[in-house]
Amino acid sequence: MSTVSTPRTQSPVPAAARPHARLDWRLRFGALSLTWGFSFLLIKVGTEGYAPFQVTLGRLVFGTAVLLAAMAVKRERLPRGARLWGRMAVAAFLLNALPFSLFAYSELTIPSTLAGICNATSPLWGMALSLVALSEDRPTRVRVAGLGLGFLGVLTVLGVWQGFHGLDATGTAMALLASLSYPVGWIYVRRTLAGTGNSHLSMTGGQLLLATVQLALVTPLFTSVPERFALVPLLAVAALGALGTGLAVLIQYGLVAEVGPTTAQMVTYFIPVIATAAGVAILGESLRWTTPVGAVIVLAGAALTQVGPKSTRGRRGRDRRAPGGLGPFSDRPQTTRRPPAPSPGRRQP
């Protein structure tokens, strides 16, 4: 959920020239899927001891600490420029502060399994928004069919023919709004933060730092200091931040650089499966038949929305460009296409 702005375009790296990885990329892919899949469970556990804003603030603090430590090891600096930081602040709100908080609040009243499935609708929202906001995204019959199929899956998960029986409407709406916030943020990043010349790590570290500051200002206004610090929820928040919001982003960037964004973003389709399994097996959440069936339909629709025209499939599959923004609940990075060439005399952001 991911992550910030678009870094410099990179050419595909020949297999022989890539640095030797300590772990096979498939193992890291599996670890990333598990980390982000369990994030919804960790949010649920965290909210059992702390207010949603406190969970989000703790998540951002631990996640930012991991990225700043990585920057120190690599001797990288935060981006510079007031204009750039202003735009990064908007990205931090749309891609981190807002969706993280909405998911935390939603899990006060809905199961973590439902929150995980709602998160899987982000590609559907992104497809719908890109057709309106991004002129180069041409609709195809397959993508439009995927959009319709995906939202049919959402209605199946919600059991619309039963009148949403047993579901909290407010919590569900918050989770869906959180998933909508990501593509809105991605489009903003794509339009304002492409080609900054800064590394993925420095941009992401700056974005998470700004999101932390935003939550640090808001949290005291709506919450009070806990009377006791529950250990298990605190450990859940620490794991959510350090692993799911910090380390996972670093793993994802490594995957994008090694196997390309097309393969790396397939992790999206494993997250709701793992979130559902974890919620049922560990938290004892109930599971109606509409949840897994609807989830499969949602994922099938989301996969179809990612199918591009035949002429561009090969190029996208070979693309090694880095992701464009912290996405999902989980900060997973989303891929970006090559930004349009600047007009003569137009200053790049």
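Author: What follows takes the labels one by one, for a model that is predicted.

Reader: What does the secondary structure of the protein chain come to?

Author: The protein chain has 13 helices and two strands. Of its 349 residues, 51% are buried. The accessible surface is about 15,800 Å², and carbon and sulfur atoms account for 67% of that.

Reader: Why is R28 called buried?

Author: Buried means under 20% relative accessible area. R28 has 15%, so it is buried.

Reader: What makes R28 and E258 a salt bridge?

Author: The closest N and O atoms of R28 and E258 are 2.4 Å apart. A salt bridge needs a side-chain nitrogen of Lys or Arg within 4 Å of a carboxyl oxygen of Asp or Glu, so R28 and E258 qualify at 2.4 Å. This pair links distant parts of the chain, since R28 is in helix α1 and E258 in helix α9, 230 residues apart.

Reader: How many salt bridges are there by this rule?

Author: The count is two. R26 and D24 also meet in a salt bridge, with 3.2 Å from N to O.

Reader: Why does R26 count as exposed, and why does D24 count as partly exposed?

Author: Exposed means over 50% relative accessible area, and partly exposed lies between that and 20%. R26 has 52% and is therefore exposed. D24 has 36% and is therefore partly exposed.

Reader: What makes Y50 and F229 an aromatic pair, and why is the pair called tilted?

Author: By this rule there are eight aromatic pairs. In the pair of Y50 and F229, the ring centres are 6.4 Å apart and the planes are at 40°. Y50 lies in the loop between α1 and α2 and F229 in the loop between α8 and α9, so the pair ties together parts that are 179 residues apart in sequence.

Reader: Which of these two is buried and which is exposed?

Author: Y50 is buried at 8% relative accessible area, while F229 is exposed at 56%.

Reader: Why is the pair of W125 and F151 called edge-to-face?

Author: The planes of W125 and F151 are 65° apart, and the centres are at 5.1 Å. Planes over 60 degrees apart count as edge-to-face, so this pair gets that label. W125 is in helix α5 and F151 in helix α6, so the pair ties together parts that are 26 residues apart in sequence. Both residues are partly exposed: W125 has 24% and F151 has 25%.

Reader: How do you know that R59 lies over the face of F100?

Author: R59 is 3.6 Å from the ring centre of F100. The distance cut-off is 6 Å, with a further limit of 35 degrees from the ring normal. The 3.6 Å is therefore within the distance limit, and R59 is listed as lying over the face of F100.

Methods: Residues are numbered from 1 along each chain as its sequence is written. This is a predicted model: local features need pLDDT of at least 70, side-chain atom pairs count only at pLDDT 80 or more; totals for chains, interfaces and linings use all residues. Side-chain values use heavy atoms; hydrogens and water are left out. Rings of Phe, Tyr and Trp (its six-membered ring) pair if their centres lie within 6.5 Å; planes under 30 degrees apart count as stacked, over 60 as edge-to-face and the rest as tilted. Helices (H or I, at least four residues) and strands (E, at least two) are DSSP runs, numbered from the N terminus. Buried means under 20% relative accessible area, exposed over 50%, partly exposed in between (1.4 Å probe, protein chains only). Accessible areas come from the Shrake-Rupley method with a 1.4 Å probe; for residues, only the protein chains shown count as cover.
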